[in-house]
Amino acid sequence: MTPRKPTLRDVAAAAGVSIAAASFALRDKPGVSPETRERVLAVARDLGYAVNVPARSLRTARYGAIGLYLPPGTTRLPYYTEFAFGVVDAADRLGLSVILLPHRDGDDASPPTAFVDGYIVVDATAKDAGIPAILDTGRPVVSSEQLLGAEDRVAGSVVSDHGTATRELLDHLADRGAERIAILLPPEGTAWSQNVARAYEEWSTERGGIPLSRRIGFVPVPDEVAAAVSQVIEGADAVVVVPSGSAVPALAAVARAGRSVGDDLLLAAYVDEPLNALLTPTVTALDMQPREVGAACLEVLAGDADRFRVHRPLLRVRASTGAAPLGR
């Protein structure tokens, strides 16, 4: 078995200092005494700790700030606000600031104006306005999920295991008695959308079923969610809504169709958010742990983790997938 590479956290623990102090010492930043700096450097040498590519850039940082690029239209969605808070909290521990970057029009090829030493982008593709320009700055970029079309240009990535998570959710619905599971997917183009769709199709085919899916917006409006639900509900005994913000309009659409969620139809959301635990019935979902993922992206950028990390979402079972299997 290949030995685990030491991280900044290991160095800090062995030197008896905080992670922030260890980071300051390794980046030759003010804020620690010469004695502490020497001790941290000695421990790093003894452990064989090597500052990775992003860290080398940040150690000679000019600005002490990170640029955060969220997908257009997502600032009101809980996943992305929680992700941003995770980045901010982790940056604060390392003495860094975070700047939320503006979005560019599709015909504007200039990078967002920001005095930053590196970037974090989430659910992005090389076709996103502003992403090519960010990559062209020459500063390190870490992506949450693969950056489709530019995977080889990022300094690191934190990806969720969507294949395993999708199968776990579908297995749960099947265990509750569902035999025909429909899914509402976001548009093609992002890595997570592709991975979820692939896992759903493979899972359905393995069980001899025919996939039943519809595409809705990345940030969907209630009418399109309702229309998609109405298109699949007649032939389904379970529905999974993938884009964030879809659970409420899906519940309403099911009720208008005369079906009862948790009784004769199971409903699950792919992305958990606080409202799912307050709805009637409460909605089963996958907790993507956005704060942890945001913090992990910052740690990769700052050199406190391997360049590529895989995160596992957690299934949160609630009333919408039934207290008893369907038909009982």
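**Salt bridges in a predicted model**

Okay, let's start with a pair of neighbours: arginine 207 and glutamate 206 make a salt bridge, with 3.5 Å between the closest N and O atoms. Arginine 207 is partly exposed at 46% relative accessible area, while glutamate 206 counts as exposed at 52%.

Now, searching the whole structure turns up 13 salt bridges. Take arginine 153 with aspartate 136, where the closest N and O atoms sit 2.7 Å apart. Arginine 153 is in the loop between strands E4 and E5, and aspartate 136 belongs to helix H6, so this pair ties together parts 17 residues apart in sequence. On the surface side, aspartate 136 is exposed at 57%, and arginine 153 is partly exposed at 41%.

Next one: glutamate 188 and arginine 215, with their closest N and O atoms 3.6 Å apart. Here the glutamate comes from the loop between strand E6 and helix H8 and the arginine from strand E7, so the parts being tied together are 27 residues apart in sequence. Glutamate 188 is exposed, at 65%; arginine 215 is partly exposed, at 39%.

Let me zoom out to the chain. We've got 11 helices and 12 strands, and 53% of the 328 residues are buried. If you take contacts between residues at least 6 apart in sequence, 68% of them join residues at least 24 apart. The accessible surface comes to about 14800 Å², with 51% of that belonging to carbon and sulfur atoms.

Notes: Residues are numbered from 1 along each chain as its sequence is written. This is a predicted model: local features need pLDDT of at least 70, side-chain atom pairs count only at pLDDT 80 or more; totals for chains, interfaces and linings use all residues. Side-chain values use heavy atoms; hydrogens and water are left out. Helices (H or I, at least four residues) and strands (E, at least two) are DSSP runs, numbered from the N terminus. Buried means under 20% relative accessible area, exposed over 50%, partly exposed in between (1.4 Å probe, protein chains only). Contact means heavy atoms within 4.5 Å. Accessible areas come from the Shrake-Rupley method with a 1.4 Å probe; for residues, only the protein chains shown count as cover. A salt bridge is a side-chain nitrogen of Lys or Arg within 4 Å of a carboxyl oxygen of Asp or Glu.
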